[in-house]
Amino acid sequence: MNETAHRLRTAAPALALVIVALLGLGFQLQLPRAFPTDADYRAVAGALAAARAPGDVVLLHPWWTERARLFVPPEIPVVGYLGDTRDDLLAHPRIWVLANERLPRTPDADFRRNFLPDRTPAGPSQQFGPLTLTPYRNGRARRVILSAVDALDRLEVSVEGPGGAPAQPCQHNGARVQCPFDATVNVAWHEVLYQPVRCLFVIPPGGGRTLSLRLPDAPAADGLLLEAGIIWEHAWLPGRADVQLQLESPAGNLHLRIPGGHEGLFRGETPSVAAGPWTLRVTTANTQDRLVCIRLRALGGPP
Amino acid sequence: MSRAPTPVDRRIALGLWLATFVVLWATERAVGFTRDESVYFAAAEQFSRWWSLLLHRPATALSDSVITQAFDFNHEHPMLMKSLFGWSQALLHQTLGWVRPAAGFRVPAFAVAALIPALIHLWGSALWTRRAGLFAALSFFVVPRQFFHAHLSCFDMPVAAMWLLVVYLFWRAEEDLRFAPWTGVALGLALATKHNAFFLPVVLTPFGVLAAWRAAGEEGRRVILRMGQVAVAFLGYLALLLVVKGRPELVQSWQPLSPQTFGAVALVAGLIALSLQLRRRDGTAFVRLAPLVAMGLIGPLIFFVHWPWLWYHPVDRLAWYFEFHATHVHYAWTYFNDVLRAPPFPLAYVFVVTALTLPVSLLLPMTAGLLRSGVRCLGDLVPAVARRFGPGGQTEWLLLVNALFSILLISHPEVPHFGGVKHWLPSMPFLALLAGREFDRAVDGLASALRLTARRGTVAGVVMGALVLLPAFTLTVHVHPYGTSAYGELAGGIPGAASLGLQRQFWSNNVTGVLPWIDANSRPGARVWLHEVNGLSFRDYQRNDMLRKDVFPAGGPEDADLAAVQYHQEFREQEVQVWQAFGTWVPSTGLYLDETPQVIVYRRPAP
């Protein structure tokens, strides 16, 4: 017995090396089984095209599996960014989750914790190779009555000086609103903490002046959702000034602050609001990185 | 035990060098041009023109203004490798026309990188067994990221080779005085390769001094003490000058006739005189100290002479050189879903990234070897540990310190953390050596447990070696030429690393994966935006026939017909800008490694 134990102990390092090598080889041999073929993706695209409805969206799981973009019908938005499981996707009553759980280290716990609450399967899952396509009813969806990005041409934009100085109007110049003091507004895609957002891209004037955006004839809504953040790498730089947003509407005033050096979209929502004008004022003392991405939406109840 | 390799091991080392050189050359065509590499290509060409001028009009070439003009470009790095790249390209491509331009530049990098397995084998076979040396040597270049970096006309792999060369020669010189001057020459070449080498004296001085002290008699120790006193006096003198003049003034006022020069000359003269005295009075101690003396005298001399940019303004340009690297900019780097942009960086970063990028079958023997080495060195300080695990000794310490030094240096939270594993590559040959010893011990154990004959033991070693190296080899083959994207099994491979939130790639070379598609799908005159690919690399892809010559670089998505975006967490905005400019979020194609997006190509829809 002692002799056997001794021999086993002596051979243990070699056995450990061989076992680890075999495990490594095994991992590499089985890994390709997790990779969908083009045909798998085309089948997914076919299924989506056949079942699509207005407001559908595809959410990728894991978030980085963006090869799907090559195949998903272009009319259906594809969401895949770091942190997307927390996205309410409130404009989308149905979410198609395209999951590949055969991939190593798939972040399932994050998916369960952040995506699943308020979402229920709206049909059976379909399997396409390693891909699973599951429709979910989005319990967080709301009716979007109006989005400011769709109302750029109706916005009255001006720069208000400090200390009650008279406002200087801005000019609509094609798809862009050009203002004094190098302030501008346009509608564009930008990234806020890895999230692609189509937003009012606002460069407010520095030096204590305020950019005012007024929508004179906004509809009644259950609430106004204001979201704003600094785009890209301009957000994290330390030592930057805050950006202040003040929304005046028939529901009262909503104040939002984007703290200097902080990334991400900051949110605020008003109570229900009657029809009437909205005025959003954007102010910052920051003269450099003032690149603000703003989403302002009038929301109704569940769709 | 002699430290000299046997003739057979010398031949094996030569074979390893040759095989590595051939494999690197044979596999280089697919490797893209990293952002820095194209800069070094351009610098190498510029410098080779200066060398040509030196041959034809030496007086002009040697003037301050011409030297400044010729060497000002990319003076962040010394000249040795860039000169070799330039000469090689001038000979192999321009003169003989044997190879494409990129291969012409890269050949010296292959030759220098190929030294690593050869040196590892020489050292490992002398320390332990031929089997240990061979396994260690082979294990080095079956690590995907190491194999990748060995292809580049850059300095990370060359300085790893030079570091190993210096330490190996130092180790040999401790026994054989004839190696001492070569240690000095090797240090000079290392300094002329990359700034990491300035840490080599810091690493090796304690070893040389301690060995000399132990070997010295009473008289020898008195001389060594005096050498220490001279060094301390110089440092005190320098500190005094710093206090009196301040740092900028100390640099600016450093002239041939100045207190600073006096101090430096006094130091060198004093140490030379004392070294000669030590040689006369205590030859054994001198042998131990000789490599350090050679390093001190020959190394800086080679460094200075090889770099014309220093000749007329040595002090202020050296000061700039050190300042540049001491205050290097921090590039964004993704680590577990955090984009690291500024210090302090996570202390465990280097260890974690090393563990996640190495094939697991090599990580295990490296870790075991490192632990064994650590415990044995501890045994030199704690006798009870030595009784249980065996003593360390100078060579064990030398291996351990060099295996850990670069890793610990980059682990400092204030040191830039970008660049994957390339900044601590000098540690990796030593880890490979320690892995070789563990492998050898494991095979010995197996042979003993199975009571194998010597011949069967050899066969078992070969089979086991092949088995242990195979996962690493297949990983390297699988990921080539996209080495900066490689992750080992512990990370879950490339897709596992993406889910863990690790840096997807860097240095822009992965664009080669989509160049054939761009070539096939661009109209003549198309404007192509290759994100992260600098203008020099764009030019290099065209002149190496990897990209059509009738397409033009675009400055951004706004003026591009095609855009190839490199996936970096910190560059998401730039992909979104393509959506904005092109009016679509649907890519046309892409490079997806094991499903992970690496380079995504968009085409502007027809109006």
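This is a predicted model: local features need pLDDT of at least 70, side-chain atom pairs count only at pLDDT 80 or more; totals for chains, interfaces and linings use all residues.
Visitor: What percentage of the residues in chain B are buried?
Guide: Of the 607 residues in chain B, 58% are buried. The cut-off for buried is under 20% relative accessible area.

Visitor: What radius of gyration does chain B have, and what would a compact globule have?
Guide: Chain B comes out at 26 Å. A compact globule with 607 residues would be near 25 Å, so the value for chain B agrees with that.

Visitor: And the box that its C-alpha atoms fill, what are the dimensions?
Guide: Roughly 90 × 75 × 50 Å for chain B, taken along the principal axes.

Visitor: How many helices and strands in chain B?
Guide: There are 27 helices and seven strands in chain B.

Visitor: Which strands of chain B make up the open sheet, and in what order?
Guide: The order is β4-β3-β5-β7-β6 in chain B, an open sheet of five strands with mixed pairing. Its edge strands are β4 (552–553) and β6 (589–593) of chain B, each of which pairs on one side only.

Visitor: Parallel or antiparallel between β3 and β4 of chain B?
Guide: Parallel: strand β3 of chain B, residues 527–530, pairs with β4(B) over two bridges. In that pairing, B:V528 stands opposite B:P553 of β4(B).

Visitor: Contacts next. Of those in chain B between residues at least 6 apart in sequence, what percentage join residues at least 24 apart?
Guide: The figure for chain B is 75%.

Visitor: Charges: how many positive and negative in chain B, and how far apart are their mean positions?
Guide: Chain B has 48 positive and 39 negative charges, and their mean positions are 8 Å apart.

Visitor: Switching to chain A. How many residues of strand β3 are buried?
Guide: Five of the six residues in β3(A), which spans 94–99, are buried, so by the under 20% cut-off this strand is mostly covered.

Visitor: What does β3(A) pair with in the parallel sense?
Guide: Strand β1 of chain A, residues 56–61, over six bridges.

Terms used: Residues are numbered from 1 along each chain as its sequence is written. Chains are lettered from A and ligands numbered from 1 in the order in which they are written. Side-chain values use heavy atoms; hydrogens and water are left out. Helices (H or I, at least four residues) and strands (E, at least two) are DSSP runs, numbered from the N terminus. The radius of gyration is taken over C-alpha atoms; the globule rule is 2.2 Å times the number of residues to the power 0.38. Buried means under 20% relative accessible area, exposed over 50%, partly exposed in between (1.4 Å probe, protein chains only). Contact means heavy atoms within 4.5 Å. Lys and Arg count as positive and Asp and Glu as negative; His and the chain ends are not counted. The place of a charge is taken as NZ of Lys, CZ of Arg, CG of Asp or CD of Glu. Two strands pair if DSSP finds at least two bridges between them.
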